Amino acid sequence: MNTTTMPEQHGLAAKCDPITVEIVRGALRSVQREMDAVVERTAMSPFIREKKDYFAAIYDGQGRLVAGTAMPSGNDMLPAFVEQFPLETMRDGDIYWTNDCYATKGAISHTPDQLFIAPVFCEGQLTAFALTWAHFNDVGGMRPGSLSADCTEVFQEGVIVPPVKVVSQGETNEDLLRMFYRNSRFPAMLRGDVRAVMACLRLGKRRIEELGQRFGRTMLSGAFDLIIGNLAETVRAEMRKLFPEGDYEFCETADSDGQGSAPIRLRYKLQVRGDRFVLDTTESGDQTKGPVNFLMSPRAPQMVMAAYINRHEANFMSNFGCYTSIDEVKLRPGSVLQPKFPAALGFRGILLMRNVAACLGLLNVATKGQANASHSAYVIYYIRGKDDEGKTFLMSDGIGVGYGARPTTDGNDAIYLIANENYPAEFVEAAYPLRVRRYAINPDSGGPGRWRGGCGVIRELEVLAPEAMVSMRIDSVVFPPWGTNGGMNARTGRCVVNPGRPDERVLKPLSDGNIVKRGDVVRLETGGGGGWGHPYDRETHQVLQDVLGGFVSRESARRDYGVVLAADGRSVDEPATRSVRSDRPGTKLFHRGDYVESLA
């Protein structure tokens with residue numbers, strides 16, 4: 001259970017004028033981007049350097065987020081450190097470190113994510129923290145890459161580092177780091193990653209100290225208060241508009257845990273009474289044997305709601321004010337959203353993304369279909385093996401998917417998560433014994449609608465090594481992303497080895513240990529996002545452009561959109577289209593296989 005109250009102002013805000021607040025806000029954004037650049041340009045793990053799977057942020061002296069990205073895991077990173085190292089014991093030059101999901105209560109959600117923080121002192125007093133976390137390539141565990149569908153407990157997912165002080169007043173504990181590197185199959189890569197995140201922290205620390213020298217500690221802290229308080233007021237006011245008093249229910253469903261638990265339900269009930277918002281998730285399914293458990297911080301749904309409210313803000317910078325969106329989040333110990341130690345967590349991304357979809361479902365229930373449709377969970381795969389020279393390689397990658405259509409525009413195509421990127425083909429071929437044979441949009445994967453759901457991608461890789469092992473994580477195959485307000489559900493993804501050949505085989509969506517040989521082709525097809533609005537309301541010229549662009553097939557144009565193309569396939573047969581569209585199918589609020597009024 002978690003209860004959130006409006007941020008306190010501490011009397012410092014009155015000493016800070018609005019112009020200074022905006023200057024500080026802009027400076028913090030610049031500092032965050034500068035920290036991002038350091039990590040991206042100096043890290044060794046491809047998942048950090050190419051995939052951009054990292055996070056840099058600034059917290060105030062009380063441990064409240066001041067400047068960050070709207071990560072769907074929540075971002076409440078400081079409490080675990082403060083429990084072990086009280087604020088008054090922290091010193092200038094210290095750096096603290098952990099990847100312990102259970103100690104951080106889900107702020108870190110699987111073991112490859114390494115979290116480092118550095119306290120910042122201005123005028124001799126603790127004023128802020130610079131923070132970064134990043135996904136390290138391999139931290140030990142059952143299989144190279146640390147994550148596997150075969151894992152059944154967190155101990156199999158790599159070395160667990162509790163909250164520790166890795167640098168004390170500028171002196172690094174090299175023995176602690178040496179132990180960490182020894183547990184990885186790629187120690188040199190980890191050394192580079194640790195140096196990168198520490199350089200990021202030191203840069204952030206220096207820039208915040210410069211702000212303290214410019215404005216003074218009191219003025220800077222007052223600006224932090226106002227930045228948080230202003231966002232809190234905006235979020236709270238918008239929540240009141242979106243959710244009138246009443247009860248709102250939604251059930252989101254994931255396919256499986258890969259170990260026999262299926263389906264997996266997330267049952268959410270949002271109760272609004274007066275000015276109080278309570279989200280009850282306690283009827284969600286029990287924790288699973290497989291690694292899809294999501295140790296959800298209460299901050300996660302709070303952040304999702306706040307990010308939705310600020311979706312039109314191009315320069316949105318999340319902070320502690322986001323957490324005022326929901327007053328209390330009820331979680332049941334032993335559930336799939338609050339698993340008991342040592343439940344496996346490695347593939348928690350499935351339920352992390354289903355949590356986002358469940359929050360969107362509540363928004364659609366409250367607004368009668370005026371929010372985004374659902375999305376696929378980004379796809380993760382590993383290809384591991386030895387090249388012709390006997391050198392071990394680990395291709396760990398995530399592939400973009402389609403996101404849900406919105407009331408005013410199509411869903412995004414081929415997006416991984418937030419600012420994360422798909423690996424360039426040139427990088428893959430230069431770094432691994434693989435050849436990229438195809439990289440394209442997956443046609444018809446976006447859900448049909450007045451606004452089309454985003455499409456996933458197709459990536460084909462030819463194996464050039466003597467032998468390799470493939471690990472897969474795909475969801476939303478049995479329960480595809482739903483459409484809303486008349487829009488239809490998205491199409492699903494899959495992984496096929498040797499498509500079109502006599503030895504073609506489809507890999508299980510959650511599986512590991514799949515052996516491939518030299519010359520085999522691994523074809524990844526990722527799913528799309530749900531559609532919004534009745535497909536027959538989509539302008540015929542937009543459907544034609546989708547067909548010509550490879551997003552929609554000619555068959556889907558006729559079947560789903562009621563648009564008939566001329567014989568040459570390059571224009572619309574308007575009379576035939578009017579005839580088809582005259583018989584307009586009925587719709588309901590949601591679509592997943594069939595139209596239904598409720599997914600509760």
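In helix 12, which spans residues 574-581, the buried residues include Thr-577, Val-580 and Arg-581. Looking down the axis of helix 12, its buried residues stay within an arc of 90°, so they line one face of the helix. Keep in mind that this is a predicted model.

**Around helix 12**
- Pro-575, Arg-578 and Ser-579 are exposed, on the face of helix 12 turned away from its buried side.
- The buried residues of helix 12 pack against helix 10 (540-549) and helix 11 (554-561).
- Where helix 12 starts, a side-chain oxygen of Asp-573 comes to within 3.2 Å of the backbone nitrogen of Ala-576.

- Three strands form an open sheet in the order 18-23-24, with antiparallel pairing.
- Strand 18 (483-484) and strand 24 (594-596) are the edge strands, each pairing on one side only.
- Strand 23 (residues 590-592) is joined to strand 24 by 3 bridges, and His-591 sits opposite Tyr-595 of strand 24.

- Most residues other than glycine have a negative phi, and most peptide bonds are trans.
- Ala-262 and Pro-263 are joined by a cis peptide bond with omega about -15°; Pro-263 is in the loop between strand 9 (246-254) and strand 10 (264-273).
- Another cis bond runs from Phe-341 to Pro-342, with omega near 5°, and Pro-342 lies in the loop between strand 12 (328-330) and helix 8 (349-367).
- Lys-52 isn't a glycine, yet has a positive phi of about 65°; at 12% relative accessibility, Lys-52 counts as buried.
- Asn-498, also not a glycine, has a positive phi of about 55°, and at 1% relative accessibility Asn-498 counts as buried.

Key. Residues are numbered from 1 along each chain as its sequence is written. This is a predicted model: local features need pLDDT of at least 70, side-chain atom pairs count only at pLDDT 80 or more; totals for chains, interfaces and linings use all residues. Side-chain values use heavy atoms; hydrogens and water are left out. Two strands pair if DSSP finds at least two bridges between them. Helices (H or I, at least four residues) and strands (E, at least two) are DSSP runs, numbered from the N terminus. Buried means under 20% relative accessible area, exposed over 50%, partly exposed in between (1.4 Å probe, protein chains only). The arc is that of the directions from the helix axis to the C-beta atoms. Contact means heavy atoms within 4.5 Å. A polar contact is a pair of N or O atoms within 3.5 Å; within protein, one must be able to donate a hydrogen and the other to accept it, and residues adjacent in sequence count only if both atoms are side-chain atoms.
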